[in-house]
Amino acid sequence: DKLYCVIDLSAGSSASSYPVSYLDSVPAGGWTDEYKKTKMVFRRIDAGDFMMGSPDDEVNRKSNENYHKVTITKSYYIGVFEVTDAQYKLITGGTSSSMRPAIVTYGAIRGYDHTGSAETSYSWPKYTSVDSSSAVGKLRTKTGISTIDLPTEAQWEMAAKGGSVTGLNTGYASISSAMDLTGRYDGNKTDGKGDASSTRTTYVGMYMPNAFGLYDMLGNAREWCLDAWKDSLGTSSVTDPEGNSVISTGNSNGGNGAVSTASRRVLKGGGYYTEHSFYYDYEREDAALSSCRSAYRTYGWSRQDTYGVLYREGFRLVFAAQ
C-alpha cells in the first residue's frame with residue numbers, strides 16, 4: 001500500500017540481487033540525482049476507470065485516438081522517470097553516468113517478439129515470459145518481482161493523464177507555451193534545461209510532473225508499450241485491454257528491403273531525439289507539438305533486425321502492486 005517503491009541498482013550488473021524498499025512519500029530532499037542514476041523509483045497507480053483517447057475537440061487530435069472508457073482492475077507501480085542510461089548500464093553492464101533516457105530496442109528491454117517472420121516465446125500477450133538476458137529479465141531475477149515489464153498502452157495512458165482531461169497531462173491544452181513547461185520537444189530544444197544539447201533528449205525530470213508526480217511522459221523520449229499495434233481502439237468500454245491479439249507484421253522500410261517483416265509495438269508520449277537508424281517523416285513529426293499529448297499513439301518495429309539496430313526508443317517500467 002506504500003505510494004513509492006525504490007529499487008537500488010548501485011551494486012551494478014554483477015550483483016546477485018537488488019534491494020527493494022517502499023516509501024510513504026517523496027523524500028525530504030526530493031528525487032535527487034541518485035534516483036536518476038543508481039536507484040529506480042516507482043509510483044503506485046490505483047486501479048480504476050479513465051477515459052482513454054481524446055475527445056473530438058482536442059487540439060491536434062488524430063483519428064486513431066478513439067475516446068472510450070477503460071477499466072484497470074489491478075493497481076500497479078510505474079516509473080517516476082524514464083529509465084536513464086546510467087540505470088540501464090547498471091542493469092545490463094557497461095558504464096554511464098548519464099541522466100538522459102536510455103534509448104534501446106524493444107528486444108533489449110524484454111526480448112525480441114519475432115526473429116525473421118517467426119514468432120518467439122517472448123511475444124506478448126500470447127506469452128508472458130521474457131528473455132533472461134534482457135533488462136526486464138535481469139530485474140525480475142534480481143528483485144524477485146516477477147511482474148516487472150513494459151506498461152500496456154492503457155496503463156501508460158492512465159498514468160500519463162494523471163486524472164487530467166486536457167491534451168497535456170499538466171492540465172493545459174496542447175499549446176506551445178504550455179508544452180514548454182511540460183517536456184522537451186522540438187519547440188523548446190534550445191532552452192538549456194539539463195543537457196544543453198539542442199539535438200537530443202535531455203536529462204529526466206527537468207520539466208513539470210503531472211498530478212501523479214510522473215516526469216517526461218510527454219516529450220523527451222518516445223516510450224515503448226507492450227501492446228501490439230491496433231489501428232483503431234474502438235469506442236466501446238473495455239477492461240484491462242492488451243492490444244492486438246494478432247501480431248501485425250509488414251515491411252518496415254518502405255519496400256527498400258532492409259527487413260521483410262516486422263512486428264509493430266505501440267509508442268507513446270512524443271519526444272525529441274536523433275537516435276534512430278532510420279528517419280521518416282512521421283518520426284520527425286513525433287518531435288512536434290501535435291505528438292506531445294497523452295492520447296497520441298504511434299508504433300515502432302520491434303522484431304530482431306538482421307541489418308542492425310532498427311528502432312530504439314525510451315521506456316519506463318511497471319509491476320503489479322501486491
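Reader: Which residue forms a salt bridge with glutamate 153?

Author: Keep in mind that this is a predicted model. Glutamate 153 sits in helix α5 and its partner in strand β13 (residues 297–301), so the pair ties together parts that are 144 residues apart in sequence. The closest N and O atoms are 2.7 Å apart, and the partner is arginine 297.

Reader: Is glutamate 153 buried or exposed? And what about arginine 297, buried or exposed?

Author: The cut-off for buried is under 20% relative accessible area. Glutamate 153 has 2%, so it passes as buried. Arginine 297 comes in at 3%, so that one also counts as buried.

Reader: Lysine 126 forms a salt bridge with glutamate 119. Is lysine 126 buried or exposed?

Author: In that pair the closest N and O atoms are 3.4 Å apart. Glutamate 119 has a relative accessible area of 35%, so it is partly exposed. The cut-off for exposed is over 50%, and lysine 126 has 56%, so it is exposed.

Reader: Which strand gives the largest share of the lining of the largest pocket?

Author: The largest pocket has a volume of about 530 Å³. It is lined by 20 residues, and the closest to its centre are Lys74, Trp124, Thr152, Gln155 and Ala320. By class, the lining divides into 9 nonpolar, 6 polar and 5 charged residues. The largest share, 3 residues, comes from residues 318–320, which is strand β14.

Reader: Which elements give two or more residues to the lining of the second largest pocket?

Author: This pocket holds about 160 Å³ of space. Of its 15 lining residues, the closest to the centre are Asp49, Phe50, Met158, Gly162 and Gly163. The elements that give two or more are β3 (39–45), β4 and α5 (153–161).

Reader: Which residues make the nonpolar surface patch of about 270 Å²?

Author: Tyrosine 67 is one of them, placed in the loop between β4 (48–52) and β5 (68–72). Patch residues need over 30% relative accessible area, and tyrosine 67 has 31%, which makes it partly exposed. The whole patch is Met51, Tyr67 and Val165.

Reader: What distance separates the C-alpha atoms of proline 55 and valine 165?

Author: Proline 55 is found in the loop between β4 and β5. With a relative accessible area of 19%, proline 55 is buried. Proline 55 and valine 165 are 110 residues apart along the chain, and their C-alpha atoms are separated by 8.8 Å.

How values were computed. Residues are numbered from 1 along each chain as its sequence is written. This is a predicted model: local features need pLDDT of at least 70, side-chain atom pairs count only at pLDDT 80 or more; totals for chains, interfaces and linings use all residues. Side-chain values use heavy atoms; hydrogens and water are left out. Patches are made of residues with over 30% relative accessible area and no salt bridge: like charges are joined within 9 Å, nonpolar side chains (Val, Leu, Ile, Met, Phe, Trp, Tyr) within 5 Å. Accessible areas come from the Shrake-Rupley method with a 1.4 Å probe; for residues, only the protein chains shown count as cover. A salt bridge is a side-chain nitrogen of Lys or Arg within 4 Å of a carboxyl oxygen of Asp or Glu. Helices (H or I, at least four residues) and strands (E, at least two) are DSSP runs, numbered from the N terminus. Buried means under 20% relative accessible area, exposed over 50%, partly exposed in between (1.4 Å probe, protein chains only). On a 1 Å grid over the protein atoms alone, a cavity is a set of points where a 1.4 Å probe fits but cannot get out, and a pocket is an open set with protein on both sides within 12 Å along at least five of seven lines; lining residues have an atom within 4 Å of a point. Grid points are joined across faces, edges and corners, and a volume is the space filled by probe spheres set on the points. Ala, Val, Leu, Ile, Met, Phe, Trp, Tyr, Cys and Pro count as nonpolar, Asp, Glu, Lys and Arg as charged, and the others, Gly among them, as polar.
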